Amino acid sequence: MENRVKLTFDKTVTRLAGYSYGEQIYLNQVKNKVDFNNKVYIEFPDQIVKAASSFVQGFFNEMINEHGLSSIGTKIEIVSDNPDLIESICTNLV
Amino acid sequence: MEKISLLLSILALIISVAVAYYQNRKENERNKTNLWADYFNTIYKEHLIYKIPESRNYLQFVDNKLIGTEKLIFELNQIRKDSVFFRYNNNSYYVKLKTLLQNLEDYIVKTEEKAFEGGEQTDVMNRIELELDGIYDLISTAYVGAN
C-alpha cells in the first residue's frame, strides 16, 4: 500500500492560511492515516496555489515535533504540481 | 587625631570602591544597550527603510483582485526568520512580532482569493497599511527600549 495521503479542500479554496486551520487539516486528514515508519507522501491538490507560513507551521507542527525538522523532505515528502508551493512550505516550516 | 585620619582614609576607600562599582555597572549597562541597538540596526534597518516600502509598492488591484503580493509576503517571512535571534533572548517580543507578521500574511493570502470593488479595494489597502504600521511600531518601540 502506498503510504500517501491526498489532502482535500473545498473546491473554492486556492490558498491556505491560519495556524489552527493547518493543525485541523493535519488532525483530520493525516494523523493516524499514514505509517510514519515508512516514507510518507503528502499531496496537495492542484487547486492549492499558496500556503501562508502560519498554515504550514500549524500543519507540520506535530510531525516536526515527533519526527524532527529534517524529516520533511526526506521521510515526509510534499507532493504538488506547483514547485513554488513546495518551496514556500519547505522555507516556512519554522 | 590618628584615629580620625584612619577613619577618613577608610571612608575614602569605601567611597572610591563604591564609585568604581557604580561606574562599572553603568558601563556594562551602556555596553549592553549599545549591543542591543546594534542587533536591531543589523536585523531591521534594510527591511524597514528599503525593502518593506519597496515591496508594498507592487500591490495593486487588477480585475478586482489583489495582485503583486509575492514580494511583500516574502519580506514579512524574511523579517520573521531574521528575528529568530530574539526567540531566545526576548521571547515575548519575538512572539508578538511573529503574530503581527503572520496575521498580515494571512490577511493578504486570504484577500487574494476574493474579488473587491471600488471602496472595498481602498479598505483592503488601508488595512494592510494599518497592519504594517503595527509592525513598524512594535519594532521601533523595542528599539527605543534598547536605547
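Mentor: A salt bridge is a side-chain nitrogen of Lys or Arg within 4 Å of a carboxyl oxygen of Asp or Glu. Between chain A and chain B the count is three salt bridges. This is a predicted model, where local features need pLDDT of at least 70, side-chain atom pairs count only at pLDDT 80 or more, and totals for chains, interfaces and linings use all residues. Residues are numbered from 1 along each chain as its sequence is written, chains are lettered from A in the order in which they are written, and side-chain values use heavy atoms, with hydrogens and water left out.

Trainee: Why is the pair B:Glu112 and A:Arg15 called a salt bridge?

Mentor: The closest N and O atoms of B:Glu112 and A:Arg15 are 3.2 Å apart. The limit is 4 Å, so the pair is a salt bridge.

Trainee: Which elements of chain A supply at least two residues each to the side that touches chain B?

Mentor: Strand 2 (15–16) and helix 2 (53–67) do. Helix 2 gives the most, with three residues. Helices (H or I, at least four residues) and strands (E, at least two) are DSSP runs, numbered from the N terminus.

Trainee: What is the area buried between chain A and chain B?

Mentor: About 1,100 Å², with 39% from carbon and sulfur atoms. Buried area is the accessible area (1.4 Å probe) that two parts lose on being put together, summed over both.

Trainee: What makes the radius of gyration of chain A agree with a compact globule?

Mentor: The rule, over C-alpha atoms, is 2.2 Å times the number of residues to the power 0.38. For 94 residues that is near 12 Å, and chain A has 12 Å, so the two agree.
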